[in-house]
Amino acid sequence: MTLDRFLATWNGLTLENRVNRIVILLLIGANMALAITLNQTERTVVLVPPVLEGEVTVARSSASQEVKEAWALFVAELLGNVSPTNAEFLTKALDPLLAPSLRQDILQVLETQIGEIRREKVSLSFQPRAISHDPATGTLFVTGTHITSGPAAKPVNAERTYALRIEFKNYRPVVVYLDVYPGAPRTGPNPGEAP
């Protein structure tokens, strides 16, 4: 008896059905295992945005160094380029980026400084020159020229550094440390300790 003739009999059909049931159960089990694995795996997003020069990654709680540097540059430029007309935008743009522990203090300082800028009709601009990183603390330093100009005075140029630590929480950047000071980056054994 050949296989074709055997499968054409009643015993052959029942055997084929049993084998098919076992294969279907195995496939269902494999699909369930795959679904569970996919739901438990942390997703990593790979981006190549136009402002960055290469491929970068952003995960739920981390990101590549290039992404952190881009966000540090964004925050430094946001804080460094203030005029009476864009002051309100500054607080709205910065608020969602700040860690809860920093939010109230930084927004109070910004509100005070924005009041002074409006009262004196002063404009601040920041021209970044360099971004550096301290691997020991994870602090990013954006250094550049800070220019203060007003209606009745000559512009004043000074070197300024923005020191930031940026973490990622649920794929979002969060500034967990922020310090602004004149001069070059302060690095060393304990640079930029968080307040």
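Select helix 4 and helix 5: they pack with their axes 10 Å apart, at an angle of about 170°. Angles over 145 degrees count as roughly antiparallel, so that is the term for helix 4 and helix 5. The model being toured is predicted.

Show the side chains between these two helices. On the helix 4 side are Ala87, Glu88, Leu90, Thr91 and Leu94, and they meet Ile106, Leu107, Leu110, Ile114 and Arg118 of helix 5.

Now zoom out to the whole chain. The protein chain has five helices and six strands, and their order from the N terminus is α-α-β-β-α-α-α-β-β-β-β. Of the 195 residues in the chain, 29% are buried. Taking contacts between residues at least 6 apart in sequence, 44% join residues at least 24 apart.

Next, select the nonpolar core. The largest one holds 32 residues, and Leu79, Leu94, Leu164 and Val175 have the most contacts inside it. Colour the elements that each supply at least two residues of this core: strand 2 (56-59), helix 3 (65-80), helix 4 (87-94), helix 5 (100-120), strand 3 (123-134), strand 4 (139-149), strand 5 (156-169) and strand 6 (172-182). Helix 3 gives the most, with six residues.

Which residues is Val175 in contact with, leaving aside its neighbours within four places in sequence? They are Val75, Leu97, Leu98, Ala99, Leu102, Leu164, Arg165 and Ile166.

Turn to the aromatic rings. A search of the whole structure finds two aromatic pairs. For one of them, select Trp71 and Phe74: the ring centres are 5.6 Å apart and the planes are at 85°, so this pair is edge-to-face. Both residues lie in helix 3, three residues apart, about one turn of the helix. Trp71 is partly exposed, with a relative accessible area of 29%, and Phe74 is also partly exposed, at 37%.

For another pair, select Phe126 and Tyr162. Their ring centres are 4.9 Å apart with the planes at 75°, so the pair is edge-to-face. Phe126 belongs to strand 3 and Tyr162 to strand 5, so the pair ties together parts that are 36 residues apart in sequence.

Two arginines come next. Select Arg165 with Tyr177: the charged end of Arg165 sits over the ring of Tyr177, 4.5 Å from its centre. Then select Arg186 with Tyr181, where the charged end of Arg186 sits over the tyrosine ring, 3.8 Å from its centre.

Most residues other than glycine have a negative phi. Select Lys121, in the loop between helix 5 and strand 3; Lys121 is not a glycine, yet its phi is positive, about 55°. Lys121 counts as exposed, with a relative accessibility of 58%.

Finally, select Asn170, in the loop between strand 5 and strand 6. Asn170 has a positive phi of about 55° although it is not a glycine. What is the relative accessibility of Asn170? The value is 54%, and Asn170 counts as exposed because exposed means over 50%.

Technical notes. Residues are numbered from 1 along each chain as its sequence is written. This is a predicted model: local features need pLDDT of at least 70, side-chain atom pairs count only at pLDDT 80 or more; totals for chains, interfaces and linings use all residues. Side-chain values use heavy atoms; hydrogens and water are left out. A nonpolar core is a set of buried Ala, Val, Leu, Ile, Met, Phe, Trp, Tyr and Cys residues joined through side-chain atoms within 4.5 Å. Buried means under 20% relative accessible area, exposed over 50%, partly exposed in between (1.4 Å probe, protein chains only). Helices (H or I, at least four residues) and strands (E, at least two) are DSSP runs, numbered from the N terminus. Contact means heavy atoms within 4.5 Å. Rings of Phe, Tyr and Trp (its six-membered ring) pair if their centres lie within 6.5 Å; planes under 30 degrees apart count as stacked, over 60 as edge-to-face and the rest as tilted. A charge sits over a ring if NZ of Lys or CZ of Arg is within 6 Å of the ring centre and within 35 degrees of the ring normal. Axes are lines fitted to C-alpha atoms, for helices over the stretch in contact, and angles run from 0 to 180 degrees between N-to-C directions. Angles under 35 degrees count as roughly parallel, over 145 as roughly antiparallel, 65 to 115 as roughly perpendicular and the rest as oblique.
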